[in-house]
Amino acid sequence: MEKGRCSSEDAPRTSMPDELSHPMFSEWKFKLFRVRSMEMVPLPNDTTVEKENQAEVEIEMVSSPGSVMKLCFGGKSKENVEGARGRVDLKLQEIDTHMNLIKSLCRLCGLAIRKAKGPAHEVQGDLEESSRCALRRMGCKLVTWSEVIMKVFKVDVTTDMETVHPSLFCHRCWMAAMRGGGFCSFTRTRIPDWKPHTSNCNLCFHKKSSFERMRRKRTKPLKGAYSLKKRIKGDFSASSGANRVWRQSTDNQGGSGGNDWQKASVQRGQWVKTITHCQRDHLSSKLIPQELPTDLLSAITCQVCDHLLSDPVQSPCRHLFCRVCIVRYSHALGPHCPTCNQYLNPSHLTRPDKFFLTTLSSLPLLCPSKGCNEWVRLDSFREHCLNHYQVKESQEDQTPSEQNLDGYLPINKGGRPRQHLLSLTRRAQKHRLRDLKNQVKVFADKEEGGDVKSVCLTLFLLALRAGNEHKQADELEAMMQGRGSGLHPAVCLAIRVNTFLSCSQYHKMYRTVKATSGRQIFQPLHTLRSAEKELLPGFHQFEWQPALKNVSSSWDVGIIDGLSGWTASVDDVPAETIARRFRYDVALVSALKDLEEDIMEGLRDRVLDDSTCTSGFTVVVKESCDGMGDVSEKHGTGPAVPEKAVRFSFTIMSISIRAEGEDDTVTIFQELKPNSELSCRPLCLMFVDESDHETLTGILGPVVAERKAMKESRLILSVGGLLRSFRFFFWGTGYDEKMVREMEGLEASGSTYICTLCDSTRAEASQNMVLHSITRSHTENLERYEIWRKNPFSESAEELRDRVKGVSAKPFMETQPTLDALHCDIGNATEFYKIFQDEIGEVYQRSNPSREERRRWRSALDKQLRKKLKLKPVMRMNGNYARRLMTREAVEAVCELVPSEERREALQKLMELYIQMKPVWRSTCPARDCPDQLCRYSYNSQQFADLLSTTFKYRYDGKITNYLHKTLAHVPEIVERDGSIGAWASEGNESGNKLFRRFRKMNARQSKTFELEDVLKHHWLYTSKYLQKFMEAHRNSAKALQATINPEETPDEVDISLDVQDF
């Protein structure tokens, strides 16, 4: 044993002493405890063990005089505490029992961890990969659980002590932190007040109710257990929980449960190691030459950790300690000096004398590296060790040790007292912090995109949190994130709009969350209304040059009456309809301000400076108008209004600019989802039938006038801090066949003149299905209307109708001659549905089938489609049904009902040609998405027309549908002119029909006038890009959170919808 002791002195300071390898040492985990509450009870005599350990005890007492044993016994001398054969008190077993109890409890809620179904998590640990990814998707960039707990539960766990606070928290609290996104908690969690172990500890000696004590049976004492005498009422020295902890006495030498204890010096080293945690930061005193006097060795070593002094401080009682060790010791065991047990306030610690610091820095130390036996001064020890690490890294490619080499060197080596940073001049402050400034700048450039301000504010915030100055930290955090203690008003507004919460529903959620969590997480309604003003039209200033004709120059115009100008349009007839709209120019300004970030990002990506962007921006706007059908509701009063509604909307398709000195324009913004309801902004809502030409003309007349005036002027608007000019081009393409004929004054779709793009009749189109060109335009339709109105050649009705090619009313809005992809797909699917019925009934062999036969064929077709494709019959063809019907699977299912093999092949070939042609008009960019189909389109359309005119001649002899004619004849010409057909479709406006019904139900009011205003307002907010960013992050975070909680039941392709009940 003496040999082992000597070898341990020669080993490096990180080696484990022989006493710690004792077989009984692992049974007891000596933790932090309060020394003054210890009770010393003598243990049985053991002459053999005493003789073996007597020499070691003497050696240990010499190596650390006085302070070692006094630390263990609360400042008392060894002779007053333990006898000649005594050992350390078994009171440590109570502390170990207390530690085992708190290990099984949750740090946050105080409940048992085993009761929460799920894994436990370390309070001081790092975030797991799944948790970190889920929180990052919700906007939380924290990396440790201590930061998340501080953010969510407002509990600082960085200063936790292992003997007082549990080190784990349960899965229930983890769920609460994840649902709050790392920012807040939606469930109330009462944090328990953890206290150190005492003789009246509620955890170790919890009191039970009287009826439980009465029902408990008296248990027999353990065999061989020592029974303590009854404690006197006034005796407070004995522990109240002594009857629960087994103690060994001199009368019970062979009792079960006895443990052999280590020496007091070894145990004392373990206690201090648990308190200070400085083994890897401070240098061992074994590196000092042993030839030095004992008094000098005790003077340059810390009286707490027995290591070489690091950042030494001196107490009023003239004892020396490491600054970190004495602070941790005082925080754990109370403000007392470990050597003399006098009262010691950490604020009274002072720096040692200059002479002592100089002597300490000149001490020679033995280098611990292998193969290096040099003696190095303490002030050069850090650089010497770093040289070893650099050589080791270059040779073995290893990382340096985790030792803090900065702790080897004293902070101040003497000289003039170092002034505080705040007392210096600005120049001196810059000089002192220049290294830190450079490091922060390098980190900010690498990790945060050069945002040095955010990094510095975050460091200041963490310093405030570490100092428990949470009030000031909360104010700083609110300033940094631009919010109060709860969510940002824009976030709350996005949640309300995207979940279709009415005022009462949102207010109920706001009050419930506030009452449950005790915090104002959601903002009140009046705050949301203030946030709405910035996003609705009428908030931003602008100017038109020249001023718009017949349009007011005021910019603060919100929702206005859509019937303005009604009496001037229609013979002073009182209006029996309700309409609400935004002014067109004000709405465009609000839409451009909503895209301000995208515009500036596009300029940065194209490397366009403000000096080159002097020609102004060009904005292309797609207009859409369509009826929403029957929107009747059970509630509401007011005038008798039609139950059909029409919505006029627009979409900003692209923004481009021509740089100075360049011939080509550069697109800086392109709408990626032009057919989404999120990009289609509502301009006008009206309760009117789309077939009512006069009412529709009267309501949309002011819109047309504003549109015409904006074409001849340019907008001056502040974007990115500079005034910029915008010119607008309007493309009216988002109209179906019926709406185009209404706006251009053409006859109905069943007219002889089949097409809205050319002058062909139905018979001409059926004879020549492919070779046609676009001939109609808005200007030509106006001229033909004047001919129809005046009849200058005195022709008959039929001759006049043939001359004007079907124009029978005045065109009131210009439309772009194009093809609507959505309605083209629906119209062609309707025609194929009829072809399937005819092929099932073999109409090519018979003529004029009865209505009962057609009904029977349709029933068989519906049954087959429902059986094979699970397609339920619909009263009217819609987009979803059309997409599933026009597939190879559908035609194979239909062919099972077709008797003739030849007809089956013809039907399959017809569908195959259609499938090859369809991507050309459905794609937003056919030249990029389907170049092969685009090149073969003319050939495929000719093959398709040949099949219709030969195999299916029974159906297309002298007649053809409108959309089949446009599909075969005009698609290549439109794609060549516009570049796309699918991007200019009305699908976004059609998708907004369901939003109208949901917003109307959300804003149900007694007056339909105010109800329509609320619908228009919330529909506009729904399409705001600013709010969409918040909701996109929320949807991704909800999906990630669900995948984290239950990854097996949530595949990646399943989209998690946002529901009201989540709040």
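Which helices each supply at least two residues of the positive patch? They are helix H15, residues 426-432, and helix H16, residues 434-447. Helices here are DSSP runs of H or I of at least four residues, strands are runs of E of at least two, and both are numbered from the N terminus.

Before I continue, a word on the model. It is a predicted model, in which local features need pLDDT of at least 70 and side-chain atom pairs count only at pLDDT 80 or more, whereas totals for chains, interfaces and linings use all residues. Residues are numbered from 1 along each chain as its sequence is written, and side-chain values use heavy atoms, with hydrogens and water left out.

Let me return to the patch. Its positive charge on the surface is formed by Arg426, Lys430, Lys437 and Lys441. A patch is made of residues with over 30% relative accessible area and no salt bridge; like charges are joined within 9 Å, and nonpolar side chains (Val, Leu, Ile, Met, Phe, Trp, Tyr) within 5 Å. Lys and Arg count as positive, Asp and Glu as negative, while His and the chain ends are not counted. Arg426 belongs to helix H15 and is exposed, because its relative accessible area is 65%. Exposed means over 50% relative accessible area, buried under 20%, and partly exposed in between, with a 1.4 Å probe and protein chains only.

I turn now to opposite charges. Side chains of opposite charge can pair when their charged atoms come close. The structure holds 43 salt bridges, each being a side-chain nitrogen of Lys or Arg within 4 Å of a carboxyl oxygen of Asp or Glu. One of them joins the side chains of Glu737 and Arg741, at 3.1 Å from N to O. These two residues lie four apart in helix H26, residues 737-744, and are therefore separated by about one helical turn. Both Glu737 and Arg741 are buried.

A further salt bridge links Asp759 with Arg784, with 3.0 Å between the closest N and O atoms. This pair connects distant parts of the chain, 25 residues apart: Asp759 sits in the loop between H26 and helix H27 (762-767), and Arg784 in helix H28, residues 778-790. Arg784 is buried, with a relative accessible area of 9%.

What of Asp802 and Lys805? Their salt bridge has its closest N and O atoms 4.0 Å apart. Asp802 is partly exposed at 42% relative accessibility, and Lys805 is partly exposed as well, at 22%. Salt bridges that share partners also join Asp759, Arg776, Glu780 and Arg784 into one network.

My last topic is the buried elements. Why is helix H23, residues 584-594, largely enclosed by the rest of the structure? The reason is that eleven of its eleven residues are buried; among them are Tyr584, Asp585 and Lys593. Strand S13, residues 681-686, is likewise largely enclosed, because six of its six residues are buried.

Strand S13 has antiparallel neighbours; two strands pair if DSSP finds at least two bridges between them. Strand S9, residues 579-582, is joined to S13 by three bridges, and Ala579 has Met686 of S13 as its bridge partner. Strand S11, residues 644-657, pairs with S13 over five bridges, and there Val646 stands opposite Met686.

Finally, Thr577 lies in the loop between helix H22 (566-569) and S9. Thr577 is buried, with a relative accessible area of 10%. From Thr577 to Ala645 the C-alpha distance is 9.9 Å, although 68 residues separate them in sequence.

Conventions:
Areas by Shrake-Rupley, 256 points an atom, 1.4 Å probe, with all protein chains shown as cover. Charge placed at Lys NZ, Arg CZ, Asp CG, Glu CD.
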